[in-house]
Amino acid sequence: MGTSIQKRSWIKVWAFLFLTGVPGLAQAQLSLTSLGNSAQTTVLANALSSTLVIRTLEPATDLGRFGGGFGIAAGAVIPTSLTTLAGITAAPIIPGGNPYVSLFAPFGISADFSYIPPITISSVTFNSVGANLRWAFTRLFPDVLPISMAVQATFTSGGFSNVQPFSGGTLTIGVNDLIFGGSLIVSKQLLFFEPYVAAGFLNQSTTLTATTAGTAAVLLAYQGTANPQIERVSAIGFDFRAGFQIKAFVFILGAEYENSWGNHGLNARIGVKI
């Protein structure tokens, strides 16, 4: 009984991804028998974290003055690491994205903020909040180097929950993800076009809970099985990004390739910067 609930727990984790447009995972037959398998849990958590982390596609060059901007970043992650799990022979495509607001200040300081309030899609409730803080330190000596460089700290917190009928009661799945990291960004402004590369690290801490109520909870208590069942994992991974920004008057377009925790991603953004 406990094993069945645990197996269904993981199925519902990925049901969230089905509901957000991931048909490739819908055919996957995951042979996961325990939330306690931390290696498999970490692979899944890394893939989910790759889709949740805040993205704004900002190069190293800042405005050099007080200003602001806003826009939308969207993309897709191809978590090739999932092919190491039983039942998944091809990496699916997992969409992601976030709105953002940017603030700029003198001395090369800027910040981005993103917030997605709780949104329910087919009984799954999702939310996230994130922020980036950058310092374009080459702003202090603009004539020394022919390129712009910046350091960036990033933070994202997000998750989802779902309640479903199960064994005469209910099963509630909760996933909470905390991501932080840092990177060095290098870019070169060429009129309206600015290519950039960035490298750093990301650290994810993910908690998965499976809570039963009603008849299912009584059966688990009778068997001496923990309720809720909780699994916590964390992992540090390399983060690499390469992309470009096109600025025409106040309008911004951008595209980016990203590799985080070994998962490939393509992102794009459209926005305004004033």
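**Salt bridges, cores and surface**

Q: Which residue does Arg139 form a salt bridge with, and how far apart are the closest N and O atoms?
A: Arg139 pairs with Asp62, and their closest N and O atoms are 2.8 Å apart. Keep in mind that this is a predicted model.

Q: Is Asp62 buried or exposed? And what about Arg139?
A: Asp62 is buried, at a relative accessible area of 8%. Arg139 counts as partly exposed because its relative accessibility is 34%, which falls between the 20% and 50% cut-offs.

Q: How many salt bridges turn up in the whole structure?
A: Seven, when the whole structure is searched. One of the others joins the side chains of Glu258 and Arg55, at 3.0 Å from N to O. That one also ties together distant parts of the chain: Glu258 is in strand β9 (residues 251–260), Arg55 is in the loop between α3 and β1 (67–78), and 203 residues separate them.

Q: Why does Glu258 count as buried? And what is the relative accessible area of Arg55?
A: Glu258 counts as buried because its relative accessibility is 4%, and buried means under 20%. Arg55 has a relative accessible area of 8%, so Arg55 is buried too.

Q: What does Lys273 form a salt bridge with?
A: Glu58, with 3.2 Å between the closest N and O atoms. Lys273 is in strand β10 (residues 263–273) and Glu58 is in the loop between α3 and β1, 215 residues away. Both Lys273 and Glu58 are buried.

Q: Which residues are linked with Glu58 in a network of salt bridges?
A: Arg269 and Lys273; together with Glu58 they make up the network.

Q: OK, zooming out. How many helices and strands are there?
A: The protein chain has four helices and 10 strands. In sequence order the pattern is α-α-α-β-β-β-β-β-β-β-α-β-β-β.

Q: How much of the chain is buried?
A: 49% of its 274 residues count as buried. As for contacts between residues at least 6 apart in sequence, 66% of them join residues at least 24 apart.

Q: What about the largest nonpolar core?
A: That core has 16 residues, and Phe160 and Ile179 have the most contacts inside it. The elements giving it two or more residues are α3 (38–52), β4 (124–135), β6 and β7 (193–214). β6 supplies the largest share, four residues.

Q: What is Ile179 in contact with, leaving aside neighbours within four places in sequence?
A: Its partners include Ser49, Leu52, Val53, Phe155, Leu202 and Trp261. There's also another core lying apart from the largest one, with eight residues, among them Leu57, Ala60, Ala150 and Ala198.

Q: How many residues of α3 are buried?
A: 13 of its 15 residues, so α3 is largely enclosed by the rest of the structure. From its first C-alpha to its last, α3 reaches 20 Å, close to the 21 Å expected at 1.5 Å a residue.

Q: Which residues form the nonpolar patch on the surface?
A: Among them are Phe107, Ile109, Trp135, Phe141, Val151 and Leu184, and the patch as a whole has about 970 Å² of accessible area. Leu184 is located in strand β6 (residues 169–187) and is partly exposed, with a relative accessible area of 35%.

Q: What about the phi of Phe107?
A: Phe107 has a positive phi, about 65°, although it is not a glycine. Phe107 is in the loop between β2 (94–105) and β3 (109–121), and counts as exposed because its relative accessibility is 59%, where exposed means over 50%.

Q: And where does Phe249 lie?
A: In the loop between β8 (229–248) and β9. Phe249 has a positive phi of about 60° without being a glycine, and is exposed, with a relative accessible area of 75%.

How values were computed:
Residues are numbered from 1 along each chain as its sequence is written. This is a predicted model: local features need pLDDT of at least 70, side-chain atom pairs count only at pLDDT 80 or more; totals for chains, interfaces and linings use all residues. Side-chain values use heavy atoms; hydrogens and water are left out. Buried means under 20% relative accessible area, exposed over 50%, partly exposed in between (1.4 Å probe, protein chains only). Contact means heavy atoms within 4.5 Å. Patches are made of residues with over 30% relative accessible area and no salt bridge: like charges are joined within 9 Å, nonpolar side chains (Val, Leu, Ile, Met, Phe, Trp, Tyr) within 5 Å. Accessible areas come from the Shrake-Rupley method with a 1.4 Å probe; for residues, only the protein chains shown count as cover. A salt bridge is a side-chain nitrogen of Lys or Arg within 4 Å of a carboxyl oxygen of Asp or Glu. A nonpolar core is a set of buried Ala, Val, Leu, Ile, Met, Phe, Trp, Tyr and Cys residues joined through side-chain atoms within 4.5 Å. The expected span of a helix is 1.5 Å times one less than its number of residues.
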